[in-house]
Amino acid sequence: MGAELEPIPDDDAWMRVALSEADAAAAAGDVPVGCVIVDRDGLELARAHNARERLNDPTAHAEVLAIRAAARLLQGWRLQDTTAYVTLEPCAMCAGALVLSRVSRIVYGCGDPKAGAVHTMFGIGLDARLNHRFAVVAGVLADECAERLRAFFAALRERQR
């Protein structure tokens with residue numbers, strides 16, 4: 001594992017589900033990041049969006065909340081043979097949580113130049129020294145994912161004026 005993969009046809013569809021979660025985050029005043037976790041049969045296990053503002057919790061990132069929900073559903077912490085679709089490249093905390101939960105594949109939309117930890121700043125999830133690695137597909141619906149973030153932060157700056 002820990003390989004770079006090409007997208008498969010379902011990746012766009014599942015990323016659109018993650019984008020709907022990102023929209024829910026933005027509507028709630030949080031950074032528009034969404035995540036959906038799908039099993040090997042293409043069944044949705046969990047979906048979540050950033051909820052740091054609502055929960056007053058710095059760890060309430062979309063990926064962490066989706067991992068927790070999927071683990072509850074499966075009644076176990078190992079999420080082997082699952083794919084996590086995330087609109088933004090996971091940060092160090094989330095990439096670490098994806099490794100620790102044994103997610104098999106990560107598909108993300110746009111890279112994160114300030115905190116991305118899968119490709120941009122680190123190789124969390126790809127490093128052969130880890131006890132678990134995941135396969136990665138980057139750039140699925142990247143423009144749509146990035147546009148959500150641009151619009152959110154432009155509106156935030158406008159409100160702060």
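Guide: What follows is a set of questions and answers on a predicted model.

Visitor: How many aromatic pairs are there by the rule of ring centres within 6.5 Å?

Guide: A pair of aromatic rings is described by the distance of the centres and the angle of the planes. With the cut-off on centres at 6.5 Å, the count of aromatic pairs comes to two.

Visitor: Which class does the pair of Trp14 and Tyr85 belong to, stacked or edge-to-face?

Guide: The ring centres of Trp14 and Tyr85 are 6.4 Å apart, with 25° between the planes. Planes under 30 degrees apart count as stacked. The class of the pair is therefore stacked.

Visitor: How many residues apart in sequence are the parts that Trp14 and Tyr85 tie together?

Guide: Both Trp14 and Tyr85 are buried. Trp14 belongs to helix α1 (residues 9-27), while Tyr85 belongs to strand β3 (residues 82-88). The pair therefore ties together parts whose separation in sequence is 71 residues.

Visitor: What kind of pair do Phe152 and Phe153 form?

Guide: The centres of the rings of Phe152 and Phe153 lie 5.1 Å apart, and their planes meet at 85°. An angle over 60 degrees is the criterion here, so this pair is edge-to-face.

Visitor: Is Phe153 buried or partly exposed?

Guide: Buried means under 20% relative accessible area. Phe152, at 11%, counts as buried. Phe153 has a relative accessibility of 31%, so the class of Phe153 is partly exposed.

Visitor: Which helix gives the most residues to the lining of the largest pocket?

Guide: The largest pocket holds about 500 Å³ of space. Of its 21 lining residues, the closest to the centre are Val31, Leu88, Asp112, Leu149 and Phe153. Phe153 is in helix α5. With five residues in the lining, the element that gives the most is helix α5 (residues 142-160).

Visitor: How many residues of that lining are charged?

Guide: The lining of the largest pocket includes 11 nonpolar residues and three polar ones. The charged residues in this lining number seven.

Visitor: What is the distance between the end C-alpha atoms of α5?

Guide: Helix α5 has 19 residues, and at 1.5 Å a residue it should span 27 Å. The end C-alpha atoms agree with this, being separated by 27 Å.

Visitor: What arc around the axis do the buried residues of α5 cover?

Guide: The buried residues of α5 are Cys145, Ala146, Leu149 and Phe152. They are on the same side of α5, because the arc they cover around the axis is only 125°.

Visitor: What is the separation of the C-alpha atoms of Phe153 and Pro32?

Guide: Along the chain, Phe153 and Pro32 are 121 residues apart. The separation of their C-alpha atoms is 9.5 Å.

Visitor: In which loop is Arg102, a residue with positive phi that is not a glycine?

Guide: Most residues other than glycine have a negative phi. Arg102 has a positive phi of about 65°, and at a relative accessible area of 19% Arg102 is buried. Its place is the loop between α4 (92-100) and β4 (105-110).

Visitor: What is the phi of Asp81?

Guide: Asp81 is in the loop between α3 (62-74) and β3. With 40% relative accessibility, Asp81 counts as partly exposed. Asp81 is not a glycine, yet its phi is positive, near 60°.

Key
Residues are numbered from 1 along each chain as its sequence is written. This is a predicted model: local features need pLDDT of at least 70, side-chain atom pairs count only at pLDDT 80 or more; totals for chains, interfaces and linings use all residues. Side-chain values use heavy atoms; hydrogens and water are left out. Rings of Phe, Tyr and Trp (its six-membered ring) pair if their centres lie within 6.5 Å; planes under 30 degrees apart count as stacked, over 60 as edge-to-face and the rest as tilted. Helices (H or I, at least four residues) and strands (E, at least two) are DSSP runs, numbered from the N terminus. Buried means under 20% relative accessible area, exposed over 50%, partly exposed in between (1.4 Å probe, protein chains only). On a 1 Å grid over the protein atoms alone, a cavity is a set of points where a 1.4 Å probe fits but cannot get out, and a pocket is an open set with protein on both sides within 12 Å along at least five of seven lines; lining residues have an atom within 4 Å of a point. Grid points are joined across faces, edges and corners, and a volume is the space filled by probe spheres set on the points. Ala, Val, Leu, Ile, Met, Phe, Trp, Tyr, Cys and Pro count as nonpolar, Asp, Glu, Lys and Arg as charged, and the others, Gly among them, as polar. The expected span of a helix is 1.5 Å times one less than its number of residues. The arc is that of the directions from the helix axis to the C-beta atoms.
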